[in-house]
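These are my notebook entries on a two-part reading of the model shown here. I set down each point in the order in which I looked it up.

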Amino acid sequence: MKLFLKIWRQKDAGSKGAMVDYTLDGVESDMSFLEMLDILNEELISKGEEPVEFDHDCREGICGTCSLMINGRPHGPDSRITVCQLHMRSFNDGDEIVIEPWSATAFPVIKDLIVDRSAFDRIQQAGGYISVNTSGRPVDANAIPIEKEMADKSFNAATCIGCGACVAACKNASAMLFTSAKVSQFALLPQGQVEAAERVENMVRQMDLEGFGNCTNTGACEVECPKGISLENIARMNREYLTASVKG
Amino acid sequence: MSGLAKSSIARKVVMALSGLFLVVFLTQHFTINITSVLDPETFNTWSHFMGYNPLVQYVLQPILIGGVIIHFIMGFILEIQNKKARSVRYAKFNGGANAPWVSRNMIYTGLVVLAFLGLHFYDFWVHEMAYKYVEFLPENPTRYHAETVEKFAPFWRTIIYIISFGLLSLHLWHGFSSSFQSMGVNNKYSSSIKAFTKIFSVAIPLGFAFIAIYHHLNPIAH
């Protein structure tokens with residue numbers, strides 16, 4: 001198939017970016033979206049032009065590295081997948097495809113389609129962990145009884161791969177879904193109770209400091225999340241935060 | 001507690017609580033207003049009570065005005081922060097694919113309701129203040145029904161009111177149930193809250209529109 005691509009090109013963080021048009025022929029429907037970009041880059045390199053920089057790693061939907069806004073939607077038109085799981089059979093011959101990086105003040109563009117998502121790392125570092133004794137005689141985690149429903153909800157929250165699609169999809173560039181998933185995965189387990197109040201306060205404070213927008217409960221993040229992280233987590237984080245703040 | 005005041009979650013809770021307070025007020029306002037159609041005498045009695053009761057005038061009225069001001073100022077603050085959070089706009093953004101129009105345009109439906117409140121305050125509150133504190137006219141417990149019906153005589157005012165009620169409906173459609181989510185309520189009752197939100201956000205504005213149309217079509221003969 002023949003495609004008409006509009007791709008965001010930006011030399012570096014300090015430069016101003018712009019959309020650039022490319023025409024790509026010979027794309028097969030069983031190619032992945034990232035393979036299509038690989039072919040484009042091979043063409044660009046053979047012509048002596050700068051290839052389009054984009055993030056990718058595992059290419060099997062686990063790492064959360066690939067991050068593209070495709071035709072106005074994070075990870076493209078299909079649901080519950082990352083860009084690396086998107087295939088060209090989702091497009092038609094002659095389609096125009098607009099490819100952009102995540103847009104958020106807290107995710108500055110490094111180059112072309114690559115953004116700096118270290119804001120997520122700093123939120124995680126602010127409290128997204130539990131302190132456990134790793135030396136001597138640690139208690140076997142399996143020895144602590146946990147309600148099945150709680151364990152499942154915690155696991156579901158923990159499936160967040162931190163790709164940033166929630167921020168990209170949100171009209172306010174809010175990071176509430178990511179932060180709430182990271183809060184929830186511990187808040188639902190007995191091991192997470194000890195530092196629960198401190199954790200949610202520190203992680204929300206860091207999230208606000210990074211310059212993400214406010215959650216207006218549109219639900220766009222939940223729809224676009226490749227792992228289906230639920231809005232329930234945001235409500236849980238709000239409860240946890242308000243309880244922690246009032247208790248002091 | 002110091003961090004709470006500055007947090008994005010606290011700002012959303014303020015938005016939610018002030019919004020829910022205004023929903024309660026809206027219900028009370030509608031309950032009184034519908035009597036202007038059903039029983040003008042009751043409407044006069046309640047309106048006079050609301051206009052001259054010291055608790056309503058000097059305690060509840062300032063709280064109400066405060067609630068409105070807090071709600072729209074916080075709305076503007078949140079909107080400014082949200083705009084700053086995305087300094088470079090997407091060339092193509094398909095917001096309709098993942099979120100309903102009403103949830104993405106609360107600021108615009110809210111602005112229309114705010115503009116309407118300006119007209120509504122001018123029509124009724126300013127008139128009332130002038131009656132009592134500028135012209136120092138004597139108490140008249142029977143004047144309210146006739147004054148209200150007269151307000152809806154002009155076609156343009158009735159139309160503006162109806163359009164505003166439509167936008168109010170859209171604002172409530174997302175805002176009412178969303179306020180529970182902001183306060184951390186997302187459980188087995190959430191589907192019932194959403195269902196009630198839909199009924200409320202259609203029924204109340206529709207009822208207000210009915211009152212406006214009824215009075216426009218049934219003027220008092222002089």
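In which helix of chain B is B:Trp173 found? I located B:Trp173 in helix α8 (residues 155–182) of chain B.

The model is predicted, and local features need pLDDT of at least 70, side-chain atom pairs count only at pLDDT 80 or more, and totals for chains, interfaces and linings use all residues. Residues are numbered from 1 along each chain as its sequence is written, while chains are lettered from A and ligands numbered from 1 in the order in which they are written.

**Entry: B:Trp173**

Is B:Trp173 buried or exposed? I recorded B:Trp173 as buried because it has 23 C-beta neighbours inside 10 Å. The cut-offs are 20 or more other C-beta atoms within 10 Å for buried, 12 or fewer for exposed, and partly exposed in between, with C-beta atoms placed from the backbone.

I then listed its contacts, leaving aside neighbours within four places in sequence: B:Val102, B:Thr197, B:Lys198 and B:Ser201. Contact requires C-beta atoms, placed from the backbone, to lie within 7 Å. I also checked B:Ser36, which is 137 residues from B:Trp173 in sequence and 26 Å away in space, C-alpha to C-alpha.

**Entry: helix α9 of chain B**

Helix α9 (residues 190–217) of chain B has 28 residues. From first C-alpha to last it reaches 40 Å, close to the 40 Å expected at 1.5 Å a residue; the expected span is 1.5 Å times one less than the number of residues. I found B:Thr197, B:Ser201, B:Pro205, B:Phe208, B:Ile211, B:Ala212 and B:His215 buried in α9(B). An α-helix has 3.6 residues a turn, so residues three or four places apart point the same way. The cover over the buried residues of α9(B) includes α2, α7 (144–151) and α8 of chain B.

**Entry: α2 against α4 in chain B**

I looked up helix α2 (residues 8–38) and helix α4 (residues 54–84) of chain B, whose axes come within 9 Å and cross at roughly 140°. That angle makes α2(B) oblique to α4(B). On the α2(B) side the contact includes B:Phe21, B:Leu22 and B:Phe25, and on the α4(B) side it includes B:Met74, B:Ile77 and B:Leu78. By class I noted eleven nonpolar, five polar and one charged residues. Ala, Val, Leu, Ile, Met, Phe, Trp, Tyr, Cys and Pro count as nonpolar, Asp, Glu, Lys and Arg as charged, and the others, Gly among them, as polar.

**Entry: the two chains**

Chain A has eight helices and seven strands, whereas chain B has nine helices and zero strands. Buried residues make up 45% of the 248 residues in chain A; in chain B, 24% of the 222 residues count as buried. The C-alpha trace of chain A spans about 60 × 35 × 35 Å along its principal axes, and that of chain B about 60 × 40 × 35 Å.

How many residues of chain A are in contact with chain B? I recorded 41 residues of chain A in contact with 37 residues of chain B. On the chain A side, α8(A) gives the most, with seven residues.

Notes
Helix = DSSP H or I, 4+ residues; strand = E, 2+ residues; numbered from the N terminus. Contact = placed C-beta atoms within 7 Å. Axes fitted to C-alpha atoms, helices over the stretch in contact; angles between N-to-C directions. Parallel < 35°, antiparallel > 145°, perpendicular 65-115°, else oblique.
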